[in-house]
Amino acid sequence: MSKITKDSVSAVDMAARLEKGSLCPVELVEETFANIRASDPAIFTELLEERALKEAHASRQRRREGNPLSAWDGVPIAWKDLFDIEGRVTTAGSVVLKSNAPATRDADVVANATRAGLVSIGCLNMTEFAYSGLGLNPHFGTLKNPHGTGPDRIPGGSSSGCGVAVARGLVPLAIGSDTGGSIRIPAGLNGIVGYKGSSAAFPKGGTFPLSPTLDTFGPLGADLKSCIGAAEILNGRAPATPKQTPISQLNFFIPTNVVFKNAQQAVVENFEASVRALELAGATVRRGVCNEFDQIGTLAREHGYLVGPEALDLHWDLVHSERAAQMDPRVLARILDAGEMSARDLIVIKRERARLIQKNRQILGDQIVLFPTTPITAPELKPLEQDDELYIYTNALMLRNTALGNFLDWCGVALPNGIDENQMPTSILLSMPGGRESDLLAASLSVENLFS
């Protein structure tokens, strides 16, 4: 299990330097924009230079007066382009929305970050309408994964800009959304940490939805402490780190069905090396069948996917208008496919989902579910751009493991745990039922260093 070389920067370390006065908020922001301009121009859909410099100057003044808004006052942050920023149009990765009215206020999480003194650097590229796990975008450009040897590889999606911006060290924090894996996938493919809460973990006001039932949010960062601190700030609280749970008290459950099917050899090998490290450190590990996974698969085959009709409802007027011709045809096709579902299909899916969430919560108890974040590392980009059938197959495979957690309303942490033969990162996913965020983060913090 070889380690990945990281360019990412810890937000916790940056905050400590700002606190000591060895780092100036204004100089930090100026350097951040210089680094962004020297990097891939497709990472950001828009830079917020005027706002960021104003916020940085205010932060510097507060620091000089000994009156910071929080311990993280002056830390840069960037936003997936589905969070409203006052005065700009939220594009959600689509040119179709450019004629919309600008947002009149910041999204709730953006406002909370601003109240803590964080500096908003810009808005990050993403899959159009957040509807793919691969990260391709024909409108704003597809980002290149910063890792690996040989041909260009995908960044993962839909929070593609979040994953690449953090992995390249352009910003210490990026905030994304996750409806089927859109935080954990780009975190995993880019060798960084990604944390998504369950459906009630973060405020949703001022966010552009994909599936109101399944949409969740969270940070991507260089390390878990940075993600934990960011999560507190996004909820309007002071940045804090939960106590670590002793590894000897942790109980892990590894499902033997679904999540390892068609998995890449290096992914499995690195996963098993991580499991051995857990066992040597004193954790209890159990393997078995997760029946809920099979039932979710049966539901999908017989009735479809919940995200489909909700996305179709949200975009109904658009996809049935002339403007649909401006959309990514692959995204358009996925949205329109949901038109084949019946009202009964949707009712059955929602009823069964509620039942499975409750059943799974009772079965798991205090166990932490453990499996690879994605069954494969980042594949080559060019073949996916050229082959629709390969795109559809790879997208479904990429989303398969993570989407299970969205359906069951789990919270999840993706941690890097090695590389493959092409120097591409692999990742391990820890999950618990919604409402157990603090327990999951405390456990993940205890084991993070075992994998890195």
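A: The sheet is open and holds eleven strands in the order 1-3-2-4-6-5-10-11-9-7-8, with mixed pairing. Strands (E, at least two residues) and helices (H or I, at least four) are DSSP runs numbered from the N terminus, and two strands pair if DSSP finds at least two bridges between them. The model is predicted, so local features need pLDDT of at least 70 and side-chain atom pairs count only at pLDDT 80 or more, while totals for chains, interfaces and linings use all residues. Residues are numbered from 1 along each chain as its sequence is written, and side-chain values use heavy atoms, leaving out hydrogens and water.

Strand 1 (44-47) and strand 8 (284-288) are the edge strands, each pairing on one side only. From one strand to the next, the twist averages 25°; angles run from 0 to 180 degrees between N-to-C directions, with axes fitted as lines to C-alpha atoms, for helices over the stretch in contact.

Strand 10 (residues 410-419) and strand 11 (residues 425-433) run antiparallel and are joined by nine bridges. Across this pair, glycine 412 stands opposite serine 431 of strand 11.

Helix 8 (residues 265-280) packs on the sheet, where it touches strand 7 (251-255), strand 8, strand 9 (368-372), strand 10 and strand 11. Contact means heavy atoms within 4.5 Å. The direction of helix 8 makes about 145° with that of strand 9.

Helix 7 lies across strand 2 (76-80), strand 4 (173-178), strand 5 (193-196), strand 6 (216-221) and strand 10. Helix 7 runs at about 140° to strand 6.
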